[in-house]
Amino acid sequence: MAKDTQFVSQIADIERDFPQWYTDVVLKTKLVDYGPVKGTMVIRPYGYAIWENIQRELDARFRETGCENAYFPLLIPMSYMTKEAEHVEGFAPEVAVVTHAGGEKLAEPLCIRPTSETIIGSMYSKWIQSYRDLPVVMNQWCNVMRWEKTTRPFLRTSEFLWQEGHSVHASEEEAMARTLQMLRVYEEFARDCLSMPVLTGRKTEKEKFAGAVATFGMEAMMHDGKSLQAGTTHYLGQNFSKSFDIRFLDSDGSLKYGYTTSFGVSTRLIGAIIMTHGDQRGLVLPPVVAPVQAVIVPIASKKEGVTEACRALKERLARTGIRVKLDDSDNSPGWKFNEWEMKGVPVRIELGPRDLEGGKMLVCRRDTLEKSEIFLDAAEEGISALLKQIAVQMYEAAAARMRKRIVGAQTAEQLLNGVNGGNFVRAGWCGCRECEDKVKEFAQATARVLAEENDAQTCVVCGKKAAHTVIFARAY
Ligand code: ZN
């Protein structure tokens, strides 16, 4: 036990200093390291494996909706960025620009993509002629760069990885339907793969994407009660099609502008996983995206048959598609328990001479730390079922925590008390920018999403009739 305490103390107290806890966890579990250029991060193999699992799961879901992958260039002519007025205004301060290359000054500066609506729009303009070419739905997995002043690994870095989907449709209805469809894809992915409950809804004018007609977001509640925007989908109307001349000849013979959308999630999701599920011992990874789903720790490995039995078990589990690791290093079992707990591996299997005698193995769940026994004969089914159960129960536990921490407010004071207490606050809003700005001033909270139904009577700030019910929270 002494060793256990000593080890845990290496991570800052999750309740007292959550920001330091986060930094300790991402560095000590080797998810990430700082890059040499301020604001950049190196995603280490253990972190990148989570991203690869996210990619695999999401990519399959995108394809099911008829979305295809492509790749567009990193560099965007400066003139493209300035074509859509709101868009350029929104991004100008964050854009990194290449002015020199090949030993000379470039005739036109080039932007490093902060997002690719402009360059993809210019290509769509070339490729789309007829209504028969529509809809076009493409996605790219890539890096983007947004020069940020304050940065934190996964949450906000100048360069990050993401996917950006871009579609063009013949009608407003179809484009809006795609925008909402992708929001649902994200929400279900968060539930089924990240065991992460989210709130989804439309963003206010203030919070929407620069250049969008409407932005929809999914927001997740972190351990400290702050919100993290974990994904967004945008209905862009004809803003980009007019700026980039995306026109098509419709079936009635008339030339029309297309309606476009875009949608994206990023490596921020890894930050969301860490801060949704993590505890004092470190990471708690959802089984579907965990790089290692089960780790086998041999007990009394020098005793006859133990190492062989562990290897055989590993083979069997791997063959059924479980991502399994055998820790046969010469560290003590206690050290290994701590290490793999910190790294958030969903299931630990202990196998020693006594277990072998009984034909069983001891299994410990990372999420609840509960121990149970599974017959070795039924290892494959037993571990598979346990992983599924953990995924569901992690979701349910997180959803229960979130539900408990969504509180209502009738007055500004109640709103402030709510966010101070680490809650999301559900409150009425008249719809004016002034009141939204005031909430930011007095509570440092922002409108995360508009609730689907407006059940509030009055605005929490000015007391006038509520046009919307809003989820307010402090946010990452
Ligand atoms: Zn108001």
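Donors here are N, O and S atoms within 2.8 Å of the metal. The close-ups below all come from a predicted model.

**View 1. Four cysteines hold the zinc ion.** The protein donors are the SG atoms of Cys430, Cys435, Cys459 and Cys462, and they sit 2.3 to 2.4 Å from the zinc ion. Check the geometry here: the four donor atoms subtend angles of 104 to 114° around the zinc ion, so the arrangement is tetrahedral.

**View 2. Where the zinc donors sit along the chain.** Reading along the chain, the donors of the zinc ion are spaced C-x4-C-x23-C-x2-C. Cys430 is in the loop between strand E21 (424-429) and helix H15 (433-443), while Cys462 is in the loop between strand E22 (446-450) and strand E23 (468-473), so this pair ties together parts that lie 32 residues apart in sequence.

**View 3. Cys430 and Cys462, buried or partly exposed?** Cys430 comes out at 18% relative accessibility, so it counts as buried; the cut-off for buried is under 20%. Cys462 has a relative accessible area of 34%, so it is partly exposed.

**View 4. Gln140 and its neighbours.** Now for another spot: Gln140 is part of strand E7 (residues 136-145). With a relative accessible area of 0%, Gln140 is buried. Its side chain reaches the backbone nitrogen of Phe72, at 2.9 Å. Leaving out residues up to four places away in sequence, Gln140 touches Ala70, Tyr71 and Phe72, along with Arg113, Ser116 and Ile120, plus Trp162, Gln163 and Glu164.

How values were computed. Residues numbered from 1 in each chain as written. Predicted model: local features only at pLDDT ≥ 70, side-chain atom pairs only at ≥ 80, totals over all residues. Heavy atoms only, no water. Donors = N, O, S within 2.8 Å, 3.2 Å for Na, K, Ca; no water. Tetrahedral: all angles 85-135°; square planar, octahedral: opposite > 155°, others 65-115°. Helix = DSSP H or I, 4+ residues; strand = E, 2+ residues; numbered from the N terminus. Buried < 20%, exposed > 50% of the residue type's maximum accessible area, 1.4 Å probe, protein only. Polar contact = N/O pair within 3.5 Å; in protein donor to acceptor, adjacent residues only side chain to side chain. Contact = heavy atoms within 4.5 Å.
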